[in-house]
Amino acid sequence: MGKEFRISKLFAYEVLDSRGNPTLAVECYTEDGTVGSAMVPSGASTGSKEAVELRDGGTRFMGKGVRKAVSNVNEILAEAIVGMDVREQIAIDKRLLFTDGTDNKSRIGANAILGVSLAVSRAAANALGISLFRYLGGSNANLLPTPLMNVINGGVHADNSLDIQEFMIVPVGFSCFSDALRAGVEVYHQIKSILKSKGYSSAVGDEGGFAPSLNTNREALDILSEAIERSGYKLGSNFALALDVAASELYYEDEGAKFYSLPGEKREKLSSEQMVEYFVDLVENYPIVSIEDPMSEYDWEGWELITKELGSRVQLVGDDLFVTNSKIVREGIRRKVANAVLIKLNQVGTLSETLQTVETARLSGYRCIVSHRSGETEDSFIADLAVALGVGQIKTGAPARSDRNAKYNRLLKIENVLGENAVYLGRAVF
Ligand code: 2PG
Ligand code: MG
């Protein structure tokens, strides 16, 4: 092994994420001075089976400090992987897992482990002198993802009355990524004008989408439809719509029975069947191509039901349901639950486990969508990952706020680097 590949130094430090909470930045050096760095994102509507994000507790940063995770990188993980070859991602990730020794990465922290895993892969790409998407995806990686752009925020990502967490526009009828993104931006600005003209707030939520206190979920879908038409695009052919319901947040127990509530719609005590009916009605009235977490992660029967009802017509994405965990994805495949998997690196905590989940999903015909978290940084790793894997879809928020645009801008760069070899599939993805 040449010294450009041998890890000589690894260290972490605290930085801030887009919500103003601390997170880790990690730097991985090789013996010739090559460096790879990464920053770790953080979710708000988290699945219960996600790998554990280690926070310090106490009063510093309201308990959210990550000094312990930082010192776990500096004191423990560094010793475990110094001397290893940065190109041996699987071996390095295994060593990280072994060093942690728990099932859910709770000793060292999934945030500490992921930061190292990603910094290592960046160092490898840099040592080889190739782009990250090339390193991860090989010589054939050329598919730019269709963005699912979250332009109206609700649920726990915003301080408003909308029950559904994410209302997304999907530019499907365009021939290249930059045109699709531009059209999405035009619609985004149009939404702002419509909200203002109706007297609603145009303040934004965690992912850069607007967060007005609309009266119903349908009103949000109507505003998206109007904005698309007013921008000169056709609803259905140029743009489709998508939702992330994050329904685990809407599921509750009452006298031993489980129900959903849609307080924004003034509807309480909905059974799984009634939730499914609610979505069937939405799908019949709007060109919705994808619904994420329409049912709670605790309601597998509800998931089976909705997959039977809508699975042949709509992409049904498991996020909190699958938490990027290949074992849970296998269970979903066995029970015919959902037909797509949201891919979030920090839900599982290493790059190689993430890639394994993508492989598990695809072998059974489940689609994958590479995704950001609601708490993000300027790190654009997921843009490269989406192109490398050729999954055809990315979810990275509104085209506003630099934490989201870091990913869009990186995709624009990759598109330019690929030149005429860049491919955008748009509608063919759905
Ligand atoms: C989601 C994500 C990202 P969070 O639910 O899909 O949009 O949110 O990171 O808060 O889990
Ligand atoms: Mg989600």
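In this predicted model, ligand 1 has 16 residues around it, and those that come nearest are Ala44, Glu166, Glu207, Ser374 and Lys395.

Next come the individual polar contacts, taken here one side chain at a time. His157 places a polar side-chain atom 2.7 Å from an oxygen atom of ligand 1. For Asp244, an N or O atom of the side chain lies 3.0 Å from an oxygen atom of the ligand. Lys344 also takes part, with a side-chain N or O atom 3.2 Å from an oxygen atom of ligand 1. As for how well ligand 1 is covered, it exposes 310 Å² when taken alone, and the protein buries 100% of that area. The space that ligand 1 takes up is the second largest cavity.

The domain assignment gives domain 1, covering residues 7-129, and domain 2, covering residues 143-429. Between the C-alpha centres of domain 1 and domain 2 there is a distance of 27 Å. Where these two domains meet, the contact takes 33 residues from domain 1 and 30 residues from domain 2.

With the domains in mind, the ligand can be revisited. Which domains supply the shell around ligand 1? Both domain 1 and domain 2 do, each giving at least three residues to the shell.

How values were computed
Residues are numbered from 1 along each chain as its sequence is written. Chains are lettered from A and ligands numbered from 1 in the order in which they are written. This is a predicted model: local features need pLDDT of at least 70, side-chain atom pairs count only at pLDDT 80 or more; totals for chains, interfaces and linings use all residues. Side-chain values use heavy atoms; hydrogens and water are left out. A residue is near a molecule or strand if one of its heavy atoms lies within 4 Å of it. A polar contact is a pair of N or O atoms within 3.5 Å; within protein, one must be able to donate a hydrogen and the other to accept it, and residues adjacent in sequence count only if both atoms are side-chain atoms. Accessible areas come from the Shrake-Rupley method with a 1.4 Å probe; for residues, only the protein chains shown count as cover. On a 1 Å grid over the protein atoms alone, a cavity is a set of points where a 1.4 Å probe fits but cannot get out, and a pocket is an open set with protein on both sides within 12 Å along at least five of seven lines; lining residues have an atom within 4 Å of a point. A molecule sits in a cavity or pocket if more than half of its atoms lie within 2 Å of its grid points. Domain bounds come from an automatic or database domain assignment. Contact means heavy atoms within 4.5 Å.
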